[in-house]
Amino acid sequence: MKTKVILESQNKYAKQENKKFEKAYMRAMLIALLEDKKISKSQYDECKRRMKIE
């Protein structure tokens, strides 16, 4: 499963905030998938590592 969030930004501050939002959104999606048992804990950890989400 691949999901990409694309956000457009108009200035430097908006671009920085969009990156923070994108990471928070992707982390929330991963947690939801993990809680619904759609992915395993090892898959969750691998996705976090690949997307550099903490």
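The model is predicted, so local features are reported only at pLDDT of at least 70 and side-chain atom pairs only at pLDDT 80 or more, while totals for chains, interfaces and linings use all residues. Residues are numbered from 1 along each chain as its sequence is written, and side-chain values use heavy atoms, with hydrogens and water left out.

The chain contains two helices and zero strands. Both kinds of element are DSSP runs numbered from the N terminus, with helices being H or I runs of at least four residues and strands being E runs of at least two. Helix α1 covers residues 12-35. Helix α2 covers residues 41-51.

The chain has 54 residues, and 17% of them are buried. Buried means under 20% relative accessible area, exposed means over 50%, and partly exposed lies in between (1.4 Å probe, protein chains only). The chain exposes about 5000 Å². Carbon and sulfur atoms supply 53% of that area. Accessible areas come from the Shrake-Rupley method with a 1.4 Å probe; for residues, only the protein chains shown count as cover.

The largest nonpolar core is made of six residues. They are M26, L30, L33, I39, Y44 and I53. Helix α1 provides the largest share of this core, with three residues. A nonpolar core is a set of buried Ala, Val, Leu, Ile, Met, Phe, Trp, Tyr and Cys residues joined through side-chain atoms within 4.5 Å.

K48 lies in helix α2. The residue is buried, yet K48 has no salt bridge. The nearest side chain of opposite charge belongs to D45, 5.2 Å away. For charge, Lys and Arg count as positive and Asp and Glu as negative, while His and the chain ends are not counted. A salt bridge requires a side-chain nitrogen of Lys or Arg within 4 Å of a carboxyl oxygen of Asp or Glu.

Four salt bridges are found in a search of the whole structure. One of them pairs K20 with E17, with the closest N and O atoms 3.5 Å apart. K20 and E17 are three residues apart in helix α1, so about one helical turn separates them. K20 is partly exposed, with a relative accessible area of 49%. E17 is also partly exposed, at 29% relative accessibility.

E46 and R49 meet in a salt bridge with an N to O distance of 2.6 Å. They are three residues apart in this helix, so they too are separated by about one helical turn. E46 also meets R50 in a salt bridge, at 2.8 Å from N to O. R50 and E46 are four residues apart in helix α2, about one turn of the helix. Shared partners join E46, R49 and R50 into one network of salt bridges. R49 is exposed, with a relative accessible area of 54%. R50 is exposed at 63%.

The surface also carries a nonpolar patch. F21, Y25 and M29 make this patch, which has an area of about 280 Å². Patches are made of residues with over 30% relative accessible area and no salt bridge; like charges are joined within 9 Å, and nonpolar side chains (Val, Leu, Ile, Met, Phe, Trp, Tyr) within 5 Å. Y25 lies in helix α1. Y25 is partly exposed, with a relative accessible area of 34%.

Two lysines have a backbone feature to note. K37 has a positive phi of about 60 degrees although it is not a glycine. K37 sits in the loop between α1 and α2, where this lysine is exposed at 74% relative accessibility. K52 has a positive phi of about 55 degrees, and this residue is not a glycine either. K52 is placed in the segment after α2. Its relative accessible area is 65%, and K52 counts as exposed.

The segment after α2 also holds E54. E54 is exposed, at 79% relative accessibility. E54 and R27 are 27 residues apart in sequence. In space, their C-alpha atoms are 8.2 Å apart.
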